[in-house]
Amino acid sequence: MKLNYPATLALIALTTPAFAEVTISHGFSTFGDLKYGPDFTHFDYANPDAPKGGTMKQRQLFGNTTFDSLNVFIIKGDSAPEVGGYIYDTLMVRANDEPDALYGLVAETIEYPDDLSYVAFNMRPEARFHDGEPVTAQDLVFTVNKLQTEGHPFYQNLLADVTAAVAESDHRIRFDLAPGAGSGLLGSLAELAILPEHFYDDLAFEDSWMDIPLGSGPYKVTDVDAPRSITFCRQPDYWAADLPVNAGRSNFDCFVHEYFADDTVGLEAFAAGEYQMRAEYRSSSWATGYDFPAAQAGWVKQMLVPDGRPANAQGLWLNMRRPILQDIRVRQALEYAFNFEWTNETIFYSTYDRTDSFFENTDMQATGIPEGAELALLEEFRDQLPPEIFTEPAHIPNAGGERPRHRSDLRKAAALLDDAGWVVGDDGIRRNAAGEPMRLDFPSSSRSLERIFIPYTENLKSLGIDIEFDVIDPSSWTQRRQAFDFDLSFTAWQVQTTPSTELRAFYGSAAASAEGSNNLTGLADPVVDALIEKVVVATSREDLNTAAQALDRVLRSKHIWVSAWNLGAHRIAVWDIYGIPEEPAPYDFYRNVDFWWFDREKYNAVVAAGALEDGL
């Protein structure tokens, strides 16, 4: 095997008893074997002969409506999330047809002992940043140190078990890991964006800024019109263009992301051909909004693309830092007030399923009464858990009924609030024993959520709760979210196929008090912390499933959210000007778009028909 460090060092590592058994490989998988061997030429879902050229214009990703920063690694500002995906190379890249496998990009090989006391990456010396400077181990030391100390709380939690980052040479980086760090951390380190240390000589890492960031990836930022659009164009001399992991990838000359504060305007712009690829988040638009001439003529196609990953953990998160929401009976009452069945039929065109679990659509989802290995694990914490954990099925949220105000559910909610000491007064408002009114704050930056949650807030008002769904500007909402200045927040978190240390950021006690963290509910529970660590250190998929099921069951019992809905697929509308692999990989639609290409013949036909103006 070719290595980027002396063979004698490899021999020492493999024969020194202190290191035990050491794995050196071209790829890494948390569990099981790798699909692709060291001599693979391209991923099976890639078209290595895909033509290069053209521009893909698409709507902004993930529902963001604005941006005022290009620094995506810190808590400050509204950053453009697309920046992280285009311009920064990583040590390894994920295979979209395996649940948890990565293969070398900047790293030629990965090395780790069986006790996971460290992980080392042997880097390709030809790796270059866009300014021609080499990508070195020192850049990775800088990256990890900055993310641990000044990065977004998500990164601080993710990297908590990295005890040291050491540049053993210019092209060999070693990360020392805390005991019990778990194999998932190796993948997290392999996927970290590599930041150029010299870029920050005159620029503060911890500040929000609009300077063009420097990366080493296939694209760089070429035009910014904040907050309306951002353009990425391909580097013609990209150092890694010919590596197997990049075969058939990065085929477009440029990507343009158009931002729309009002999604109705965004759909109208798509219909007019101002951009050509759109992920549709609104079921009403999907059902009724694609009747414009180009769609009727067949120039625009609607695709439902399956996604084999877990459904997002999407819901209405309840901020338990607020005294009113610390009572589980109040949180249960808020669940009963949400009428999913009516919402799904009336607003969503009956397209969704209710989300029951924090690991929806996976074998990690808790079901029924605990038994077998899951029961044995929960027994360790029996004295810290409510008895019903062991005697009742995992919590399933109430579905609701055919009318917006489902009377039996609202009666149950009212009884819970009465029992919690919140009594309806003469003015129709609930008050506690001190006479304080029951008020809840529900801010959002998305006006499209009004149609969903105004009926919900009306249900809450009928129960005597003083609440308003308040649409505020995105910058104000970002500031309030970072300060946890809300009672209810509708948010979706991406769930990994193989969860690991990132769970600490969402549900761990350390994240509960970190300003701007992803632990929106303020959950701080020792059993949850312990079960997260069971997930992190799992050494087999079976053990992972068991630990995740137990964690899921405990989280669901705490009623920390009003769970939302899921589809298990992506609704994608495209102008028919692209080549798309016949069998897309089952995991991660957004990464699969990297393997599309511009089809000149299709494009010319659309232009000749007068449906699009030439210019891509």
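1. Where pLDDT is low, the predicted coordinates should not be read in detail.

2. Strand β15, residues 313–318, is largely enclosed by the rest of the structure, because six of its six residues are buried. The strand runs antiparallel to β21, to which six bridges join it, and within that pairing Ala313 has Trp493 of β21 as its bridge partner.

3. β15 is also joined to strand β22, residues 561–563, by three bridges, and here too the two strands run antiparallel. In this pairing Trp317 of β15 stands opposite Trp561 of β22.

4. Is Ser500, which lies in a loop, buried or exposed? Ser500 sits between β21 (488–493) and α16 (502–507), and its relative accessibility is 3%, so it counts as buried, the cut-off being under 20%. Apart from neighbours within four places in sequence, Ser500 is in contact with Gly184, Leu185 and Val536.

5. Helix α11 (residues 372–379) packs against helix α19 (residues 541–557) with the axes 9 Å apart and at an angle of about 60°, and the two helices are therefore oblique to each other. The crossing of α11 past α19 is right-handed. On the α11 side the contact is made by Ala373, Glu374, Leu377 and Leu378, and on the α19 side by Thr546, Ala547, Gln549, Ala550, Arg553 and Val554.

6. In the second pair, the axes of helix α9 (residues 328–336) and helix α13 (residues 407–419) come within 8 Å and cross at roughly 165°. That angle is over 145 degrees, which makes α9 roughly antiparallel to α13, and the crossing of these two helices is left-handed. The residues that meet are Arg329, Val330, Gln332, Ala333 and Tyr336 in α9, and Asp409, Lys412, Ala413, Leu416, Leu417 and Asp419 in α13.

Key:
Residues are numbered from 1 along each chain as its sequence is written. This is a predicted model: local features need pLDDT of at least 70, side-chain atom pairs count only at pLDDT 80 or more; totals for chains, interfaces and linings use all residues. Side-chain values use heavy atoms; hydrogens and water are left out. Helices (H or I, at least four residues) and strands (E, at least two) are DSSP runs, numbered from the N terminus. Buried means under 20% relative accessible area, exposed over 50%, partly exposed in between (1.4 Å probe, protein chains only). Contact means heavy atoms within 4.5 Å. Two strands pair if DSSP finds at least two bridges between them. Axes are lines fitted to C-alpha atoms, for helices over the stretch in contact, and angles run from 0 to 180 degrees between N-to-C directions. Angles under 35 degrees count as roughly parallel, over 145 as roughly antiparallel, 65 to 115 as roughly perpendicular and the rest as oblique. A crossing is left-handed if the near helix is turned anticlockwise from the far one by less than a right angle, and right-handed if clockwise.
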